Amino acid sequence: MLSTYDKRFPPHYNDVIPVKVKVQMYVLSVFEIDASEMTFSISMFLRQEWVDRRLQFETKENLSNISLDNEITKEIWVPDLAFTSDTHTYFHELTRPNRLMIIYPNGKVVYSIRVTGKFTCFMDLTKFPFDEQRCPIELESYGFSNSIISFQWTEPAAAFRDDVKHSQFELGETQSYTRNLTYSTGTYSSLGVTLLFIRRYEFYLIQIYAPSVLVVMLSWLSFWLDVDAIPARISLGILTVLTISSNGNMSVSMAQRVSYIRAIDIWNSVCLILVFCAVMEYAYVCVSVRVHQRRKSGTSSSDIEICNNNKHMKHGFQTEKQSERSYDQLKRETARTVDKISRVAFPLCSQDHPMNTRLKQLSSSRLKRSSFTLETRALQGKHQEALPKYIEPIDFTMNNNPCEDKLGNVNIKTSVPLITTKDE
């Protein structure tokens, strides 16, 4: 069969019809998804199938196909398929070259080879850690134009082994495409498949987001402390600010540093602003109390002077005591009113955090995402992953005794959802 066979020429070299080569990738493992170098590495079986009429033979009873040895494989023409998106690729040679070639009586050739390579992938970390990376793998003929070789995908273009997993990413749906690329030397057939890597964000929820939520809620406890509890409120404010700052630094060290803003950066910034505003709220309360104290001291002095001039000391002392009680009551009620408003305003502001909207979208999208079926068909079924439960709406009901003074009655009653990802 090989006596007149010339491997230097492809099948149908002198014909008008090009050789149709069907290609499929069977992925064995995915590893080293590196955001710093913008690369990912996979190991796979690269399968090709075409028809070479020069290799036809007669069918016998116990001979439906012929499996060729590696030495004989070197004497058969194979397509010059090359990766164009790789940085480093090698073929496995242990213990012998990992190649398989099967020839059928009609001249059909099945060729499989084990390949491990590192491929480039531009990763957009804007939505980190809720990002999804789409990484392409492109192949094309290096030396034969599309008039000689035409590549096609065998569906599914990329099949995955059952135990293919990654510690930081989930494997999503793949998309394949075929196109012709034109160079100065001609037009060449090209194939491409896009792999979807979905980052697992549960680790970041536990290590970054949950502590941040608790620290921000802890800063709101100062609104329930007494106005005169100066050491407690100041210590609580400084502690929350320092904790949020250290938590933000830890989140930066966990991910690749980039020159643009990421979702986790927005989260840390908003949390820092919230705890800082809680400290500033108490500063405003202290300033307002100090202003009232100055007014009280001025009023008391004027009352005493008037009483001395009129020689009504007894009446003057009574006026002074009444004025002092009035200013003390006004001072406390003003500070209490600011605290009551803050109890409602701060949770409302945190509810409008953009990350809460993102978490709602992820909750609905991940429940609708398809899961894999391997080898024979593409992804099927619905991917349903149990998401962590978030903080339920909390009813803050404050119905204190109304204070009758110049500010009027104070009666605040509201129901504020702090942080929730339930679909409305």
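Reply: Let's start at residues 266-285: the span is 100% helix and 0% strand, with its end C-alpha atoms 29 Å apart. Helices here are DSSP runs of H or I with at least four residues, strands are runs of E with at least two, and both are numbered from the N terminus. Keep in mind that this is a predicted model, where local features need pLDDT of at least 70, side-chain atom pairs count only at pLDDT 80 or more, and totals for chains, interfaces and linings use all residues. Residues are numbered from 1 along each chain as its sequence is written, and side-chain values use heavy atoms, with hydrogens and water left out.

Why pick that stretch? The unreviewed UniProt entry lists 266-285 as a "transmembrane region", along with 203-223 and 229-245. UniProt positions follow the numbering used here, feature names are shortened, and annotations may be inferred rather than shown by experiment. Residues 229-245 are 94% helix and 0% strand, and their end C-alpha atoms sit 25 Å apart.

C271 is buried, at 3% relative accessible area, while C286 is partly exposed at 24%. Buried means under 20% relative accessible area, exposed over 50%, and partly exposed in between (1.4 Å probe, protein chains only).

Now for the rest. The protein chain has six helices and 16 strands, and buried residues make up 42% of its 424 residues.

A search of the whole structure turns up one disulfide, a pair of cysteine sulfur atoms within 2.5 Å. The partners are C121 and C135, with sulfurs 2.1 Å apart. C121 is in the loop between β7 (108-120) and β8, and C135 is in strand β8, so to speak a link between distant parts of the chain, 14 residues apart. Both cysteines are buried.

Then there are the rings, with 14 aromatic pairs. Rings of Phe, Tyr and Trp (its six-membered ring) pair if their centres lie within 6.5 Å; planes under 30 degrees apart count as stacked, over 60 as edge-to-face, the rest as tilted. W77 and F144 are edge-to-face, 6.4 Å centre to centre with 70° between the planes. W77 is in the loop between α1 (70-73) and β4 (81-83) and F144 in the loop between β8 (132-141) and β9 (149-160), so the pair ties together parts 67 residues apart in sequence. W77 is buried at 3%, and F144 is buried at 18%. Elsewhere, F40, F83, F119, F169 and F197 form one aromatic cluster.
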